[in-house]
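Me: New to this one. Can you walk me through it?

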Amino acid sequence: MSAPRLALAPGLLHVPGYLDGAAQVRLRDALRETVRAAPLFTPRMPRTGKPFSVRMTNCGALGWVSDEGGYRYQPTHPVTGAPWPPMPDLVRAAWDDLAAYPHPPEACLVNWYEASAKMGLHQDRDEADLEAPVVSLSLGDTAIFRFGGTERKAPTRSIRLASGDAVVIGGPSRLVFHGIDRILAGSSTLLDAPGRINLTLRRVTPPA
Ligand SMILES: O=C(O)CCC(=O)C(=O)O
Ligand SMILES: [Fe+2]
């Protein structure tokens with residue numbers, strides 16, 4: 001795992017091909033177990049209740065959820081009420097390798113994008129500990145990832161995130177606006193169906 005790390009901006013790194021083919025297969029298979037234990041759910045926008053186009057689940061001690069009551073982290077699945085399943089070892093290893101942060105991640109958000117799904121420009125700011133980065137891993141079809149600055153009106157640019165790519169959103173870029181414009185359906189054969197999985201590993205609470 002010695003893929004070059006490209007700095008897109010200070011603290012914002014793209015690591016193309018971070019996971020090799022065998023690691024992508026292992027992670028895909030581990031996530032099948034995750035989704036069996038914690039089925040994908042459809043998050044809804046705060047206040048309006050409008051459904052997201054991505055479906056999601058989580059693993060780790062905490063999971064990110066969104067509904068009419070707002071965005072938040074919680075220890076249980078919003079539909080089944082069960083605790084989230086553990087993070088796969090490979091996910092934890094990627095954090096240790098990429099995060100440059102001395103405490104473990106508490107949440108791993110798993111986003112499932114069908115071919116038509118997207119994610120609007122947003123900041124990840126529901127974590128009380130903004131010293132830790134967000135580490136992202138992508139599997140399946142390539143996505144067009146858009147990012148800008150820490151203010152919504154800042155100019156943006158986009159890059160492709162392919163299966164196996166990692167992104168680290170940290171340091172001075174921890175609060176950059178980012179989102180997914182679209183998925184290039186059929187660009188990968190890793191998954192059974194067209195679509196993309198993105199994992200984001202997060203430290204939620206400041207270490208004691
Ligand atoms: O799918 C991605 O690459 C980004 C996901 C994201 O920004 C998020 O879950 O907050
Ligand atoms: Fe995000």
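Reply: First, a term: a polar contact is a pair of N or O atoms within 3.5 Å; within protein, one must be able to donate a hydrogen and the other to accept it, and residues adjacent in sequence count only if both atoms are side-chain atoms. This is a predicted model, where local features need pLDDT of at least 70, side-chain atom pairs count only at pLDDT 80 or more, and totals for chains, interfaces and linings use all residues. Residues are numbered from 1 along each chain as written, chains are lettered from A and ligands numbered from 1 in written order, and side-chain values use heavy atoms, without hydrogens and water.

Me: Which side chain has an N or O atom 2.8 Å from an oxygen of ligand 1?
Reply: That is N111. For Y113, the distance to a ligand 1 oxygen is 2.5 Å. R202 puts a polar side-chain atom 3.0 Å from one.

Me: How much of ligand 1 does the protein cover?
Reply: 96% of the 300 Å² of accessible area that it has on its own (Shrake-Rupley, 1.4 Å probe).

Me: What surrounds ligand 1?
Reply: Residues with a heavy atom within 4 Å, including L109, M119, I180, R196, N198 and T200.

Me: Which strand gives the most to that shell?
Reply: Strand 13, with 4 residues. Strands are DSSP E runs of at least two residues, numbered from the N terminus.

Me: New topic. Which residues hold the iron ion, ligand 2?
Reply: Its protein donors (N, O or S atoms within 2.8 Å of the metal; 3.2 Å for Na, K and Ca; water is not among the atoms, so sites may look incomplete) are H122, D124 and H178, at 2.1 to 2.2 Å. In sequence they run H-x1-D-x53-H.

Me: Where do D124 and H178 sit?
Reply: D124 is in the loop between strand 7 and strand 8, and H178 is in strand 12, 54 residues apart.
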